[in-house]
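Colleague: I would like a close look at one part of this protein, its surface, and at whatever loop positions bear on it. Please take it in one connected account.

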Amino acid sequence: QVQLVESGGGLVQVGDSLRLSCAASGHTFSNYHMGWFRQAPGKEREFVAWISSGGSRTSYADSVKGRFTISRDNAKTTVYLQMNSLKPEDTAVYYCAASIYVLSTRRADYGYWGQGTQLTVSS
């Protein structure tokens, strides 16, 4: 059981950087693999990145490789998404999610979700 709260979204310009945070409840945070997903208007929620429970393994969608970095601080029970060189196509609501079982790009493999935080990238 874990509760997730995203923060850090906002309005930025093309090429800017921003860091999203996802604060998790409880001491069990270190047991969960964590993912970031995003959903643009009229689109399905899509995978962005995941990080293993211990933080040693990561994976990224092709669209964000080289620009985004996922990290976690288990002592602070927080996962981060550092976003650099932002593009208008990055505009979306960003969600963090927790999986107790697998490292996955699939929405259905994540049992817990935050409420989302809005990122808007303008030109």
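What does the accessible surface of the protein come to, and what percentage of it belongs to carbon and sulfur atoms?

Modeller: This is a predicted model. The accessible surface of the protein comes to about 6100 Å², and carbon and sulfur atoms account for 47% of that area.

The overall build comes next. The protein contains eleven strands and zero helices, so that the pattern read along the sequence is β-β-β-β-β-β-β-β-β-β-β. Along the principal axes, the C-alpha trace spans about 40 × 25 × 25 Å. The radius of gyration is 13 Å, which agrees with the value near 14 Å that a compact globule of 123 residues would have. Of those 123 residues, 43% count as buried. As for how the chain meets itself, take the contacts between residues at least 6 apart in sequence: 58% of them join residues at least 24 apart.

Back to the surface. A nonpolar patch is formed there by I100, Y101 and V102, which together have about 320 Å² of accessible area. I100 is placed in the loop between β9, residues 92-99, and β10, residues 112-113. I100 counts as partly exposed because its relative accessibility is 38%, and that class covers values between the 20% limit for buried and the 50% limit for exposed.

T77 has a phi near 50°, a positive value in a residue other than glycine. S85 is not a glycine either, and its phi is also positive, at about 50°. Most residues other than glycine have a negative phi. T77 is found in the loop between β7, residues 68-73, and β8, residues 78-83, while S85 belongs to the loop between β8 and β9.

S85, at 41% relative accessibility, counts as partly exposed.

How values were computed: Residues numbered from 1 in each chain as written. Predicted model: local features only at pLDDT ≥ 70, side-chain atom pairs only at ≥ 80, totals over all residues. Heavy atoms only, no water. Patch = residues over 30% accessible without salt bridge, like charges linked within 9 Å, V, L, I, M, F, W, Y side chains within 5 Å. Areas by Shrake-Rupley, 256 points an atom, 1.4 Å probe, with all protein chains shown as cover. Salt bridge = Lys/Arg side-chain N within 4 Å of Asp/Glu carboxyl O. Helix = DSSP H or I, 4+ residues; strand = E, 2+ residues; numbered from the N terminus. Buried < 20%, exposed > 50% of the residue type's maximum accessible area, 1.4 Å probe, protein only. Rg over C-alpha atoms; globule rule 2.2 N^0.38 Å. Contact = heavy atoms within 4.5 Å.
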